[in-house]
Amino acid sequence: MSVLFVDESKAKGYTLAAAVVVPGEMESARRNVRGLVLPGQRRIHFTKEQDARKRLILSRLIEFGFQAHVFHSSSKHASVGREETLGALIAHAVEHGHRRVVLERDDSIAQADRRFLFHEVQRHGLTGTLTYELEPPHLEPLLWVADAVAWSYSKGGEWKRRIEPLVAGITRLPA
């Protein structure tokens, strides 16, 4: 009955990261992540953080016990990669009993996302069982966890190694 908080990276293909949070732990998880925001910051956005700060944030996310699943498409077309990874995300949610998916809202593709998610939820027969929401990133701190994982996975090297304790699984597409 956990919730997936999802963000993407468009570098080196298309990567979605889904941070898994149990509803009973949601408020403490939000409080922990909000505590990482510096004075004057509205949110954590990994591309804008300095390397030392990125290392600190990742260390703290590991300490907090977050887990995430990564979905990666090698497609060179963002729209294709997004559909592949969103489809895999919904299939993963079905398989693992997740009941809610919260995606970072991108106003330029929000309507397409809603249409695609509606279709996928119907296709799996989960209307009324699996819900999804598109949220602005500054309003939902748990999206920042997914942002950190997606950025680090896409960046590779040291960053990909640093998130290994956070990554519970990886789905590579096309399979």
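## Helices on the sheet

Helix α4 (residues 110–123) lies across β4 and β5, and runs at about 170° to β5. Keep in mind as you look around that this is a predicted model. Another helix, α5, also packs on the sheet, where α5 touches β1, β2, β3 (67–73), β4, β5 and β6. The direction of α5 makes about 40° with that of β1.

## The sheet itself

What is the order of the strands? The open sheet is built from 6 strands, arranged β5-β4-β1-β2-β3-β6, with mixed pairing. β5 (131–135) and β6 (167–173) each have a single partner strand and stand at the edges, so one side of each is left without a neighbour in the sheet. From one strand to the next, the twist averages 20°.

As a reminder, strands of a sheet pair through backbone hydrogen bonds, either parallel or antiparallel. Strand β1 takes part in both kinds of pairing here: β1 and β2 run antiparallel and are joined by 7 bridges, while β1 and β4 run parallel and are joined by 4 bridges.

## A closer look at β1

β1 and β2 form a hairpin, with 4 residues between the two strands. In the turn you will find Lys 12, which has a positive phi of about 55°.

Is β1 mostly covered or mostly open? It is mostly covered, with 7 of its 7 residues buried. In a regular strand the side chains alternate between the two faces of the sheet. In β1, Val 3, Phe 5, Asp 7 and Ser 9 point one way, Leu 4, Val 6 and Glu 8 point the other way, and all are buried.

## Helix α1 and its partners

Now turn to helix α1 (residues 26–34), whose buried residues are Met 26, Ala 29, Arg 30 and Val 33. These residues cover an arc of only 100° around the axis, which puts them on the same side of α1. The buried residues of α1 pack against several elements: β1 (3–9), β2 (14–21), α2 (51–64), β4 and α5 (142–155).

How do α1 and α5 meet? Their axes are 8 Å apart and the helices pack at an angle of about 60°, so α1 and α5 are oblique to each other. On the α1 side, the contact involves Met 26, Ala 29, Arg 30, Val 33 and Arg 34; on the α5 side, it involves Leu 142, Trp 144 and Val 145. The residues of this contact divide into 6 nonpolar, 2 charged and no polar.

## Two loop residues

Arg 99 is found in the loop between α3 (78–96) and β4 (100–104). With 29% relative accessibility, Arg 99 counts as partly exposed. Which residues does Arg 99 contact, leaving aside its neighbours within four places in sequence? They are Met 1, Ser 2, Leu 126, Thr 129, Leu 130 and Thr 131. The C-alpha atoms of Arg 99 and Val 3 are separated by 6.3 Å, although these residues are 96 residues apart along the chain.

Gln 41 is found in the loop between α1 and α2. Gln 41 counts as partly exposed, at 25% relative accessibility. Not counting residues up to four places away in sequence, Gln 41 touches Leu 36, Glu 49 and Arg 53. Gln 41 and His 138 are 97 residues apart in sequence, and C-alpha to C-alpha they are 9.9 Å apart in space.

Terms used: Residues numbered from 1 in each chain as written. Predicted model: local features only at pLDDT ≥ 70, side-chain atom pairs only at ≥ 80, totals over all residues. Heavy atoms only, no water. Buried < 20%, exposed > 50% of the residue type's maximum accessible area, 1.4 Å probe, protein only. Contact = heavy atoms within 4.5 Å. Arc of directions from axis to C-beta. Axes fitted to C-alpha atoms, helices over the stretch in contact; angles between N-to-C directions. Parallel < 35°, antiparallel > 145°, perpendicular 65-115°, else oblique. Nonpolar A, V, L, I, M, F, W, Y, C, P; charged D, E, K, R; others polar. Pairing = 2+ DSSP bridges.
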